[in-house]
Amino acid sequence: MKVLAALLLSPLLSSQPLFANSFDQKALNNEVIIAANWQQHSGEYCAYFYQSFNGATDQLEALLTKAPEGKKPAIITDIDDTLISGTRYFTSMVDTHESRSIERSRFWWNHQETKALPGSVEFLQRANSMGIEIFYISGRFNDVKTITINKLKQLGYPVNGESHVILQAEKNITLSKEDKRQHIIKAGYYPIMLFGDQLDDLGEVVKGLYPEKKKWVSQHQDKLGSQWFILPNTVYGFWEEAISKDYRTLSPAEKHRVRIRQVNDTELPVPIPESYRQHIIMADLWVRKSADFNATAIQTYNLASKALEAPENRYATDRAIIVDIDGTLIDYPPNHLIPPLCKAFPEPEEKMRNYEKQLQSTSIPGAREFLNKAAALGYEIFYLTAREHSSGRPGHKGDVENFTLKQLAANGFPKVTQTNLLNRSKYCPVNKKSCDKEHQRKAIMSGRINGKKYDVRLFVGDLLDDFDLKEQGLSPFDRVSVEKTKNLYGRKYFIIPNPVNKTWMRQYYSQIAGKDICQLSDQERSDIRRSLIEDWPEKDLYKAAQASTSFQ
């Protein structure tokens with residue numbers, strides 16, 4: 001067993017002092033800004049949670065029957081950023097030289113004020129009512145066990161005794177998540193589902209860098225969306241360690257340089273504002289360099305595949321599915337930085353060259369298998385995209401559409417035809433050369449495509465705007481819309497988490513600014529991103545306590 005000192009190496013803790021007198025610690029802290037904006041404010045983040053817990057709810061009864069005779073069915077779940085949000089612990093350090101520490105973490109766990117994450121309370125209450133034992137396991141210190149139990153109960157989570165909340169051992173001796181799961185199993189329980197925001201919440205993860213962890217996810221992909229449920233955490237996690245060898249031993253300055261190099265490994269023809277490049281680092285690395293992203297995508301497609309076989313979907317007449325392309329079927333990075341937010345390509349030739357570079361992009365994990373299954377089951381597939389019809393190059397009308405058809409076919413997607421590909425210039429109102437996706441969706445459902453009025457059973461995308469919210473009179477850029485449609489996620493709407501999507505950024509930041517943020521300066525946009533960071537109200541109380549003898 002490892003002793004308390006090992007806790008310093010966990011994602012929540014660090015051996016660095018509270019105030020590291022270095023710009024690099026501040027730079028490291030500010031890398032989370034866009035990732036935190038997405039988790040704290042986007043409807044897409046909430047939608048993924050509803051999707052996960054709805055999908056789990058729909059499988060409870062079936063999984064109950066798989067528990068061996070004599071074994072008591074159980075659900076094992078992580079706590080922080082699985083059930084309750086812990087992002088303010090990290091965002092409270094933005095624009096400071098402060099760093100993670102044992103004392104700060106202990107104080108946070110004792111004083112944090114937070115809400116339950118979407119869908120989690122209702123799901124666990126339902127499971128508990130069915131006689132399933134709920135176990136909560138966490139890397140929190142054992143001396144905060146009582147307050148942790150009280151917080152869980154206060155938020156509505158069913159806690160059937162202290163033995164069902166397993167933190168670190170007495171004297172805060174470190175136990176791995178696998179040790180804790182085995183303890184539950186040896187007590188006579190059969191885990192039917194595991195929940196967490198880290199891969200080690202799901203199983204004993206292979207050690208190593210990103211390729212090894214990605215392979216581990218692939219080997220266990222059938223469990224995602226059934227026995228295993230992962231929630232996106234773009235702000236912190238063990239995935240950070242997988243981007244570089246010996247990452248744990250690096251200083252803040254060295255970590256920052258490693259992460260900057262990872263983001264800068266793409267040739268960028270258009271200059272990127274320094275603050276934008278800085279603020280997007282964690283979101284960018286999570287999408288590009290974490291096996292956790294792969295797991296969330298596979299989980300989405302596994303849930304969508306189950307929905308294909310639901311009787312109400314499979315036997316519908318003229319059934320169809322609508323899927324987005326960028327960030328849903330095709331890897332969004334590294335091209336999300338080209339051009340950066342509010343920048344444009346200098347001329348059409350450069351724009352087209354960037355599209356052509358995307359032929360090197362691979363498909364999102366799980367996408368090809370899902371679409372081929374849909375085709376085999378007889379669903380019509382429509383590809384909707386915000387891409388334009390043409391780049392604007394003289395004599396090259398339809399070049400972007402032709403490239404997109406080529407790209408989809410190269411990735412092995414089925415039913416790739418001009419009829420099934422709808423870009424933003426098709427089926428628009430009279431006198432409009434470009435329009436939003438609701439017009440293409442209406443064309444599909446009204447019979448304008450080929451005379452058939454398709455019954456769209458599933459929508460898959462990385463933005464709320466990829467679902468038919470506008471047709472219901474709802475805004476796809478308002479978190480309230482998710483609450484009004486929460487029962488549809490994981491059943492009709494399926495979302496791939498994408499914290500680097502520029503459409504979401506521009507829409508949300510413009511709402512906050514009261515005008516199109518692209519009318520603002522780079523510094524003004526940077527200030528808006530910072531202003532949205534949720535602080536930790538008890539931070540000043542912590543600083544006062546840190547200065548007192550109680551921390552000595």
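User: Which residue's side chain makes a polar contact with the side chain of aspartate 324 at 2.9 Å?
Analyst: This is a predicted model: local features need pLDDT of at least 70, side-chain atom pairs count only at pLDDT 80 or more, and totals for chains, interfaces and linings use all residues. A polar contact is a pair of N or O atoms within 3.5 Å; within protein, one must be able to donate a hydrogen and the other to accept it, and residues adjacent in sequence count only if both atoms are side-chain atoms. At 2.9 Å, the partner of aspartate 324 is lysine 437.

User: At what distance does the side chain of aspartate 324 make a polar contact with the side chain of threonine 328?
Analyst: Residues are numbered from 1 along each chain as its sequence is written, and side-chain values use heavy atoms, with hydrogens and water left out. Aspartate 324 sits in the loop between E6 and helix H16 (348-357). Its side chain meets that of threonine 328 at 2.8 Å.

User: Is aspartate 324 buried or exposed?
Analyst: Buried means under 20% relative accessible area, exposed over 50%, and partly exposed in between (1.4 Å probe, protein chains only). Contact means heavy atoms within 4.5 Å. Beyond four places in sequence, aspartate 324 is in contact with residues including Leu384, Val460 and Asp466. Its relative accessible area is 7%, so aspartate 324 is buried.

User: How many residues of strand E7 are buried?
Analyst: Helices (H or I, at least four residues) and strands (E, at least two) are DSSP runs, numbered from the N terminus. E7 spans residues 380-384. Glu380, Phe382 and Leu384 point one way, Ile381 and Tyr383 the other, and all are buried. The count for E7 is 5 of 5.

User: Which residue in E7 stands opposite alanine 320?
Analyst: Two strands pair if DSSP finds at least two bridges between them. Strand E6 (residues 319-323) runs parallel to E7, with 4 bridges. Across from alanine 320 is glutamate 380.

User: Which residue in E8 is the bridge partner of tyrosine 383?
Analyst: Strand E8 covers residues 421-422 and pairs with E7 in the parallel sense, over 2 bridges. Tyrosine 383 has as its partner leucine 421.

User: Through which helix does the chain cross from E7 to E8?
Analyst: A crossover is right-handed if, with the strands pointing away from the viewer, the path from the first strand over the helix to the second runs clockwise. The β-α-β crossover from E7 to E8 is right-handed. Its helix covers residues 399-410 and is H18.

User: Which residue in E5 is the bridge partner of leucine 194?
Analyst: Strand E4 (residues 189-196) runs parallel to E5, joined by 3 bridges. The partner of leucine 194 is tryptophan 228.

User: What is the C-alpha to C-alpha distance between threonine 385 and leucine 421?
Analyst: Threonine 385 lies in the loop between E7 and H18. Its relative accessible area is 3%, so threonine 385 is buried. Leucine 421 is 36 residues away in sequence, but the C-alpha distance is 7.9 Å.

User: How far apart in space are asparagine 313 and aspartate 455?
Analyst: Asparagine 313 is in helix H15 (residues 311-314). With a relative accessible area of 5%, asparagine 313 is buried. In sequence, 142 residues separate it from aspartate 455; C-alpha to C-alpha, the distance is 9.3 Å.

User: What is the radius of gyration of the chain?
Analyst: The chain has 23 helices and 10 strands. The radius of gyration is taken over C-alpha atoms, and the globule rule is 2.2 Å times the number of residues to the power 0.38. For 552 residues the rule gives 24 Å, and the chain is close to that, so it is as compact as a globular protein of that length: its value is 24 Å.
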